[in-house]
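Student: I have a new structure to look at. Can we go through it step by step?

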Amino acid sequence: MSNPSTSRSDGAAPRPRPFRARRGRWTALTASLLLATAGLAGTHPTSASAVDDPVAVTVNARAGLATVPGTALGVNHAIWDTNLGTTETSDLLRAAGVKMLRYPGGSYADIYHWKTHTAPGGYVAPNTDFDTFMAATKRVGAQPMIIANYGTGTPAEAADWVRYANVTKKYGATYWTVGNENYGNGIYGSDWEADDHPDKSATQYANLVVEYADAMKAVDPTIKVGAVLTMPGNWPDGIKADADPGPWNRTVLGIAGPKIDFVDVHWYPGGNAAESLSRTAHLTDAVYLLRQALTRYAGSNASRIGISFTELNVGQGQDTQPGALFLADAYSGLLENGVFTVQWWNAHNGIGDVTTVAGQTDYGDFGMLSSGTCTADGSVCEPPLNTPSRRTTGCP
């Protein structure tokens with residue numbers, strides 16, 4: 001994510017027949033998402049007199065659409081976060097059931113150089129280097145999702161990172177994505193993602209994904225390499241640049257499909273709190289369309305390619321009960337359709353525009369935990385550092 005306060009995707013996916021994920025049982029992990037917000041229904045109870053015809057609802061708690069993987073619950077952990085890797089933060093993430101941490105954080109990934117722990121043009125907080133992150137990952141009991149620098153890096157730099165992580169340090173880091181939101185490099189007009197390549201086409205990205213995958217797997221053939229796709233039905237899905245044979249997803253899958261192990265998608269539904277919540281109904285169709293694209297364009301082994309959603313949040317009401325309902329609905333909807341990880345943006349993010357949503361103060365903070373910061377004029381301050389958001393507690 002380049003600017004956490006800006007939503008870039010607010011379109012709705014078309015509605016073909018729904019995709020049905022493999023059968024399995026829900027685990028306590030998914031149930032906990034729903035239970036976290038179950039108490040919200042009692043906030044504004046409906047009187048019995050308002051119900052003309054009572055309806056009996058039967059829930060089969062043993063039925064499900066998919067088995068929830070161990071990597072399901074994730075969150076981003078950025079190198080500009082001064083609390084990355086602290087004991088208090090790690091213990092809170094562990095208590096929340098987080099099982100995957102993404103590093104070094106959104107668009108910073110495309111300016112970050114791991115050897116020197118620098119991000120030219122950006123801020124790098126002290127004590128946030130890769131080894132610190134991995135120590136935090138171990139304390140949380142999670143797996144890492146590492147973003148290799150595509151925008152200003154090279155396949156050799158990424159391969160060296162794999163060598164350091166898995167050969168030198170023996171961290172066993174499995175999941176590696178090539179870049180972050182690289183369709184935002186100006187090829188479709190909007191330009192927020194760093195990209196030093198003269199050729200900014202989807203074709204160039206896909207060809208280099210092949211080079212990255214080859215170089216990284218030559219060091220450790222057990223790793224899984226992912227490529228960046230766009231969210232179906234959201235900008236810039238369906239847009240074709242002159243230099244490419246088709247839109248981003250089709251082009252990337254057609255070239256890099258045989259070399260990758262998963263595709264990576266982000267979603268910020270846009271709109272107000274109520275609109276964001278209603279748009280979770282699009283998720284089944286979105287995953288269906290991703291599966292269709294994999295089948296059509298990614299080659300004969302497309303069925304082995306997984307789907308990760310490594311950035312997810314609402315545009316308004318991040319720190320309110322509507323945000324909590326969105327989290328539960330979005331996570332469960334994606335997981336029931338077989339997505340192997342859903343990752344909230346962000347562990348800490350900082351205060352934004354302060355408003356009132358559903359009668360509650362919304363600090364405009366995309367963080368799962370409070371950063372304890374104040375507005376520029378000091379008129380409003382967040383709760384103390386590391387206070388869990390209402391969104392993550394379900395509490396008023």
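Student: Is Arg163 buried, partly exposed or exposed?
Tutor: This is a predicted model. Buried means under 20% relative accessible area, and exposed means over 50%. Arg163 has 36% relative accessibility, so Arg163 counts as partly exposed.

Student: Which residue forms a salt bridge with Arg163?
Tutor: Side chains of opposite charge can pair when their charged atoms come close. For Arg163, the closest N and O atoms of the pair are 2.7 Å apart. Both residues sit in helix H4, 3 residues apart, so about one helical turn separates them. The partner is Asp160.

Student: How many residues apart in sequence are the parts tied together by Asp160 and Lys115?
Tutor: Asp160 is in helix H4, while Lys115 is in the loop between E2 and H3. Asp160 is partly exposed, at 24%, and Lys115 is exposed, at 56%. The parts that the pair ties together are apart in sequence by 45 residues.

Student: Are Glu311 and Arg102 buried or exposed?
Tutor: Their side chains meet in a salt bridge, 3.1 Å from N to O. The pair links distant parts of the chain, with Glu311 in strand E7 and Arg102 in strand E2, 209 residues apart. Both residues are buried.

Student: How many salt bridges does the count come to?
Tutor: The rule asks for a side-chain nitrogen of Lys or Arg within 4 Å of a carboxyl oxygen of Asp or Glu. By this rule the count is 7.

Student: Why is the aromatic pair of Phe130 and Tyr164 called tilted?
Tutor: By the count there are 25 aromatic pairs. In this one the ring centres are 6.4 Å apart, with 55 degrees between the planes. Stacked needs under 30 degrees and edge-to-face over 60, so the label for 55 degrees is tilted.

Student: Which helices hold Phe130 and Tyr164?
Tutor: Phe130 is buried, at 3%, whereas Tyr164 is partly exposed, at 22%. Both belong to one aromatic cluster, which also includes Trp114 and Trp161. The pair ties together parts 34 residues apart in sequence, in helices H3 and H4.

Student: What span should helix H5 have?
Tutor: Helix H5 runs over residues 202-219, which is 18 residues. The expected span is 1.5 Å times one less than the number of residues.

Student: What do the buried residues of H8 pack against?
Tutor: Helix H8 has 15 residues and reaches 21 Å. Its buried residues include Leu283, Tyr288 and Leu294. They pack against helix H6, strand E6, strand E7 and helix H9.

Student: Which residues form a nonpolar patch on the surface?
Tutor: Val55, in the loop between helix H1 and strand E1, is one of them. Val55 is exposed, with a relative accessible area of 69%. Together the patch has about 360 Å² of accessible area, and the residues are Val55, Val57 and Val59.

Student: What percentage of the residues in the protein is buried?
Tutor: The protein has 10 helices and 10 strands. Of its 396 residues, the buried ones make up 54%.

Conventions:
Residues numbered from 1 in each chain as written. Predicted model: local features only at pLDDT ≥ 70, side-chain atom pairs only at ≥ 80, totals over all residues. Heavy atoms only, no water. Patch = residues over 30% accessible without salt bridge, like charges linked within 9 Å, V, L, I, M, F, W, Y side chains within 5 Å. Areas by Shrake-Rupley, 256 points an atom, 1.4 Å probe, with all protein chains shown as cover. Helix = DSSP H or I, 4+ residues; strand = E, 2+ residues; numbered from the N terminus. Buried < 20%, exposed > 50% of the residue type's maximum accessible area, 1.4 Å probe, protein only. Phe/Tyr/Trp six-rings, centres within 6.5 Å; stacked < 30°, edge-to-face > 60°. Contact = heavy atoms within 4.5 Å.
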